[in-house]
Amino acid sequence: MTHVTHGQHGEKCEPLGSDPAGQAGRRGHSPGPGPGRGRGRWYAVAPALAAIVVAACVPVAYAAPPPAPAEPAAPAQGAGDGLDRYHRQRLDWGSCVKGPDDAAGRDLDRSGASCADVTVPLDYADPRGRTITVAVSRLKATDTRRRIGAVLINYGGPGGTAVESPPHVREAMKEVGARYDIVGFDPRFVGRSTPLDCGWPVGTAWFSAGSGRAGFERQVALQKDLAGRCRAAGASVLPHISTRNTARDMDVIRAALGERRISYLGYSYGTYLGTVYTQMFPGRYDRVVLDGAVAPGDYKARLMQGAEPENERALADWADWAAGRHDTHGLGRTRAEVLATVEGIVAASARGPLTVGAAPDVFRLDDTQVPLLLFMGIADDTDRARTALAEQVSALAKAAQGRPAPLSPDFVQLLRYVLTGEQAATGGVQAAIICGDVGAPRDPEVYWRDIERSRAAHPLFGPLTNNINPCAFWDRPREERTRVRRDAAVLIVAATGDPRTTYRSSVGLHGLLPSSRLITLEDANRHGLYGEYGNACVDDGVNAYLATGKLPEEDRTCGAASSSD
C-alpha cells in the first residue's frame, strides 16, 4: 500500500510497508502479454521463455528517413513550466541492491550497471507540490569514442518493470550496445518507483465471464471489489497514474541524464507509451523502436477486445503442434481432437470447479479462470512454450475426468500468480494505468450484451475479451487519450500472428506515421520479437537502425523458417 504524505510544497511521497526490491526481482509475471526476461507485457503471464529460430529475410538498403512534416518545436526544457529543478537534478548513482533478497539488484551490480532515483512531480499541474521517485538503472557505454547517446527501455504491461533490463538489452544490441548508455526504468508506482499495492486477493483482473449469467455476476462483484481496493489503497495518487504522466517522467529522466534527445525501445504497451512520448515531446527523441505495436485507437479498457480471431488461430496452430505429439501429451491425434479436448475441459469447469495439484498447492479452477490460462499460453509459438501449455492442458484434462492432476513447478507458479495475492501489486497498478488512461462503460449490462453477442462466433475467448473489469468502477480519466497528430520516423516490429498486440494494430500505427518503417515477421504467433525470438533478420534490422539512425528505405519482411527453444 502506498501512503502519501500531505505536507508542504516539495514534500516527497514515500511508500510504507512495501517491497520494491522484491517486486523488481519478480520476473515474467504480469497480466500483460509477452515473453521475455523480467517482462510484463500485455497478457503474457506465463514464465519467461527463450527462443531460437532460423530466419530468412528480404534484404533492403538503408537510407535516411524522409523528412517529417513541419511541426512546432518543443519548448526549451523547463522553460516556463516549473520543471527546471527536476530537469537539472543531480542523480546519485550507486548500487542497485535494495535488500538481502534483491536478486535483480545483485545481477545488475554484477553486470556493471548502477541505479538511481529520479524525483518527479506527483502532479505535473502542480510541480511545486508533492513528489515521487522513479527508479532508473544505467549500463554506461563502453565505446565512449563512438557513443551515440542513451536508450530508454520499457517492457510493457502496462505495469511491467524494466530496471532489470540493461544487461539483456546490451546483449540483444550486440556490437552497437557498447555505443549506448542503456537505461531501464520502472514507471511511476511500479516496482521500485514509489510502488502502489492495492492489496488484491488475485494477481490479475482479466478473467472470463464464464458460460452463463451466474459467472458474470461473480465477475461484476469481483471487479467492483478490486477497484474499491485500489481506491482505498491509493485514492490520492490514482488520478496521477497515467501513460501521459509516465511520458512526462520519461522527459524528466532524459533531461536529468543530460541528453538533448533520447532513444527508446518499447515492447507491447511500451509501444503505446513510446508513441505518446513522440506526440507530447517532438524533437526530444532520437531512434525509436516499437516492438509489437498498438495503434492508439486500439488502446482501450478492454485491451484484447477484437483480438479473438488472432487468438483462435494461435490456439488452432498449437493444437496442430500438440496433435503431432499425442504419444507424449495424450491430447488428441488431430487438430480437431485436441480442440475437442480443450472444449471438454472448459465445459467440465462450467459444471463445477476442477481440482488440480497436490498439497500444499491445490487449486480449484472454474470457467472464468480456465479460458484465461489457455489465453496466456498461446502468445509464444516456440517448442518450449508449446510444451508448457500442453503439460498444463494435460493436467486440466485429467482433472476434468476426476483423476489426480499433478502440476509442474512452472504451472504452480503461474496459478499462484493468477489465483492468489502473492504478486498482486502488478495487477493493481496495471489496472490503475489503463483505467487512468481511458474511460469504460459503467453499466454492467453493456458488457453482458457484448459477451452474449460474441459467444456464437468466439465461444472460448469472446467472454474473456469482452468481460467487465475494474475500469467500470473507476473515476473518469483526468486527461483525454493521446491522438496521433504528428508524424514520427520510428521503426515498428511486428509478427503476423501476434495474438496480443495484433499485426492489424501495428499496421494501423504504421499508417498513422507515414515516415515510419515496418519490419514484419511472417508466420509467427509470437508477442515480442527483438532480442527475444532469435530471428536474425529482425534483430539485424533493428540493430542496423540503432547503429546508423537510418530507417530502411522500404518496409522489410522476414520469414520464420523454424522456431525452437
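1. Helix α5 (residues 213-234) packs against helix α15 (residues 444-455) at an angle of about 140°, and their axes are 11 Å apart. Axes here are lines fitted to C-alpha atoms, for helices over the stretch in contact, and angles run from 0 to 180 degrees between N-to-C directions. Helices (H or I, at least four residues) and strands (E, at least two) are DSSP runs, numbered from the N terminus. The angle makes α5 oblique to α15; angles under 35 degrees count as roughly parallel, over 145 as roughly antiparallel, 65 to 115 as roughly perpendicular and the rest as oblique. The crossing of α5 and α15 is right-handed. A crossing is left-handed if the near helix is turned anticlockwise from the far one by less than a right angle, and right-handed if clockwise.

2. Which residues make this contact? On α5 they are Arg213, Phe216 and Val220, and on α15 they are Pro444, Glu445, Tyr447, Trp448 and Ile451. Contact means heavy atoms within 4.5 Å. By class, the contact of α5 with α15 has 6 nonpolar, no polar and 2 charged residues. Ala, Val, Leu, Ile, Met, Phe, Trp, Tyr, Cys and Pro count as nonpolar, Asp, Glu, Lys and Arg as charged, and the others, Gly among them, as polar.

3. The model is predicted: local features need pLDDT of at least 70, side-chain atom pairs count only at pLDDT 80 or more, and totals for chains, interfaces and linings use all residues. Residues are numbered from 1 along each chain as its sequence is written, and side-chain values use heavy atoms, with hydrogens and water left out.

4. The chain has a mean pLDDT (the predictor's confidence in each residue, from 0 to 100) of 88, and 85% of its residues reach 70 or more. Over residues 1-79, pLDDT stays under 50, although the model has 269 contacts beyond four places in sequence for them. Where pLDDT is low, the predicted coordinates should not be read in detail.

5. Helix α10 (residues 335-351) and helix α12 (residues 383-400) pack at about 50°, with axes 9 Å apart. That angle makes α10 oblique to α12, and their crossing is left-handed. Thr341, Val342, Ile345 and Ala348 in α10 meet Val393, Leu396, Ala397 and Ala400 in α12. The residues of this contact divide into 7 nonpolar, 1 polar and no charged.

6. Helix α6 (residues 243-256) and helix α7 (residues 269-280) have axes that come within 9 Å and cross at roughly 70°. That makes α6 roughly perpendicular to α7. The crossing of α6 and α7 is right-handed. The residues divide into 8 nonpolar, 2 polar and 4 charged.

7. Strands β8 (residues 354-358) and β9 (residues 361-365) pair in the antiparallel sense over 5 bridges; two strands pair if DSSP finds at least two bridges between them. They form a hairpin with 2 residues between them. Ala358 has Asp361 of β9 as its bridge partner. Pro360 lies in the loop between β8 and β9, and a cis peptide bond with omega of about 5° joins Ala359 and Pro360.

8. Two further backbone spots deserve a look. Gly157 and Pro158 are joined by a cis peptide bond with omega of about -10°, and Pro158 lies in the loop between β4 (149-154) and α4 (166-173). Phe189 has a positive phi of about 75° although it is not a glycine. Phe189 is found in the loop between β5 (180-185) and α5. Most residues other than glycine have a negative phi, and most peptide bonds are trans.
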